[in-house]
Every structure is written in C-alpha cells, then in structure tokens.
Amino acid sequence: MGVKEVWIVRHGYREDWVNDNPPLPTKLRNDPPLSKLGRKQSQEVTAFLKSQNIDRIYSSPFYRVLETVYPLVEQTNVPLYIDYSMAEWYGSAHGRYLPCAPLTELKQLFPKLNIIDHQSSIPLPSGIESVHECHIRVKKGLDKLIAQLDSEPNPPHTILLSGHAASAICAVRALLNDANYPTRCGTCSLSHLVRQEDGTWQIKENGDYSHLSDGEQRSWMFSGDVPDYETKK
C-alpha cells in the first residue's frame with residue numbers, strides 16, 4: 001500500500017464573481033483568475049498545508065486552481081502536475097466542454113509546473129457531462145492515479161488534489177466509494193482522508209475552513225445538471 005493520506009482543496013474565490021470583466025491570463029473567458037479574497041485564501045491555505053508534508057500535487061488545468069496551490073509550490077518546491085480527473089464540471093450549461101489552456105502555455109504562466117513526468121490518468125472531458133458522468137470521470141481517474149502511485153518503488157505518502165467544487169466533492173466521494181456522501185465544499189476548504197489497513201479511506205476533515213480568516217465562502221453542492229456558478233455571479 002503506497003499513498004496513505006489525501007488532501008483535497010477547492011480553488012479560491014474567483015475574480016469573475018466580483019468583476020464582470022476580469023483579467024484573463026489564458027485569454028479564455030471560462031478561465032478567470034482568483035480575486036483579491038481568493039489570493040488571500042490561497043496564502044492562508046498555503047500556511048496551513050506547509051506543515052502537512054505534501055509530497056505531490058495533482059491539479060486541474062484551470063488557472064484559478066493552479067493559482068490557488070502555486071504559493072505552496074513556490075514555498076516548498078512540492079512537485080506540481082496536471083490531472084484531468086480534477087478538472088472543471090460544466091454540466092449541460094454550454095452544450096460542450098469549455099477548453100483549458102495548453103499545458104505548454106500553463107508552464108509559461110506557472111514555471112514550476114511539471115508537464116513532463118506525469119501523464120493525466122484520464123483525458124480531458126470533451127462533451128456535455130452530467131452529474132453522474134462527472135462522478136464516473138473523477139472516480140475512474142483517481143482509481144487509476146492512486147493505483148499508479150501505489151505501484152511506484154517509492155510511492156508518495158501524502159498527495160494534494162486541487163480542483164473545483166464539483167471535482168473536489170466527487171474526489172471525496174470516489175475515495176469513500178459513496179456517491180452520496182454529504183461533502184462540504186467552500187472556496188479553499190480542505191478535506192482530508194487517511195487510508196486504513198484494509199485499503200479503504202476514512203475521512204478526517206470534510207470541507208474544513210478553520211484556516212480561513214473570512215470563514216466559509218460560496219459553499220456548493222450539486223443541484224441538477226447546470227451548475228449554479230454558471231448562472232449566478
């Protein structure tokens with residue numbers, strides 16, 4: 001048994017929630033950066049996670065998610081990789097899956113991002129993705145990712161999964177093998193799971209936000225196939 005602990009973080013507060021015309025570092029309208037509050041949350045979650053001995057980070061490819069964990073990478077040099085299991089969920093809001101920036105472009109924006117030594121466990125979604133399909137995508141990806149890590153000669157002890165509300169919720173549920181687990185998920189909240197001797201996972205923290213000075217923000221849960229963050233700013 002390799003991986004022993006998994007932390008899961010949702011990205012911080014988005015700039016397009018407070019600004020109708022946010023700057024777009026990747027030039028993609030669906031890929032806004034963090035707001036001032038989000039950057040503060042990122043620093044606070046970094047301050048907490050620095051002492052948790054994170055060995056690797058597997059992140060969504062969207063800018064706000066990488067921006068959330070990048071201070072931790074800069075301060076600790078923990079390896080940062082992209083895994084599409086943690087990518088955004090759009091439901092049926094757009095009739096297609098909205099793109100992310102190419103890995104080479106993300107590498108320019110986040111120089112410490114490693115785009116060589118890890119190939120995503122699954123491809124990026126390409127079409128409309130229902131709630132059910134999002135759960136399947138995340139579980140398939142994480143099952144494969146953790147199996148790959150377990151098979152390494154020196155597997156990581158503790159990993160951080162960095163994603164969005166939907167993928168963070170699905171990640172907790174995937175590890176618990178419970179598609180209905182009532183996962184909490186505010187911006188920059190943390191869930192923490194520990195592997196038991198029988199290989200199952202036990203949740204220790206569920207969407208904890210005690211490290212955030214502004215408390216829980218934008219807590220979210222699935223409510224149909226159109227995410228409310230696509231309709232309410």
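Q: What should I know before starting?

A: Residues are numbered from 1 along each chain as its sequence is written, and side-chain values use heavy atoms, leaving out hydrogens and water. As this is a predicted model, local features need pLDDT of at least 70 and side-chain atom pairs count only at pLDDT 80 or more, while totals for chains, interfaces and linings use all residues.

Q: How many helices and strands does the protein have?

A: Helices (H or I, at least four residues) and strands (E, at least two) are DSSP runs, numbered from the N terminus. Here there are five helices and six strands, and along the sequence they follow the pattern β-α-β-α-β-α-α-β-α-β-β.

Q: In what order do the strands lie in the sheet?

A: Two strands pair if DSSP finds at least two bridges between them. In this protein, six strands form an open sheet with the order 3-2-4-1-5-6 and mixed pairing. Strand 3 (80-82) and strand 6 (201-208) are at the edges with a single partner strand each, so one side of each has no neighbour in the sheet. Strand 2 (residues 56-59) runs parallel to strand 3, joined to that strand by three bridges; Ser 59 has Ile 82 as its bridge partner in strand 3.

Q: Which residues of helix 1 are buried?

A: Buried means under 20% relative accessible area, exposed over 50%, and partly exposed in between (1.4 Å probe, protein chains only). An α-helix has 3.6 residues a turn, so residues three or four places apart point the same way. In helix 1 (residues 36-49), the buried residues are Gly 38, Gln 41, Ser 42, Glu 44, Val 45, Thr 46 and Leu 49. Across the whole protein, 54% of the 233 residues count as buried.

Q: Which residues touch the most other members of the largest nonpolar core?

A: A nonpolar core is a set of buried Ala, Val, Leu, Ile, Met, Phe, Trp, Tyr and Cys residues joined through side-chain atoms within 4.5 Å. The largest one here has 33 residues, and those touching the most other members are Val 6, Ile 8, Trp 89, Leu 142, Leu 161, Trp 220 and Phe 222. Helix 5 gives the largest share, nine residues. A second, separate core of 24 residues includes Trp 7, Tyr 63, Val 78 and Leu 80.

Q: What does Leu 161 contact?

A: Contact means heavy atoms within 4.5 Å. Leaving aside neighbours within four places in sequence, Leu 161 has contacts including Val 6, Ile 8, Tyr 58, Met 86, Leu 142 and Ala 171.

Key:
Expected span 1.5 Å × (residues − 1).
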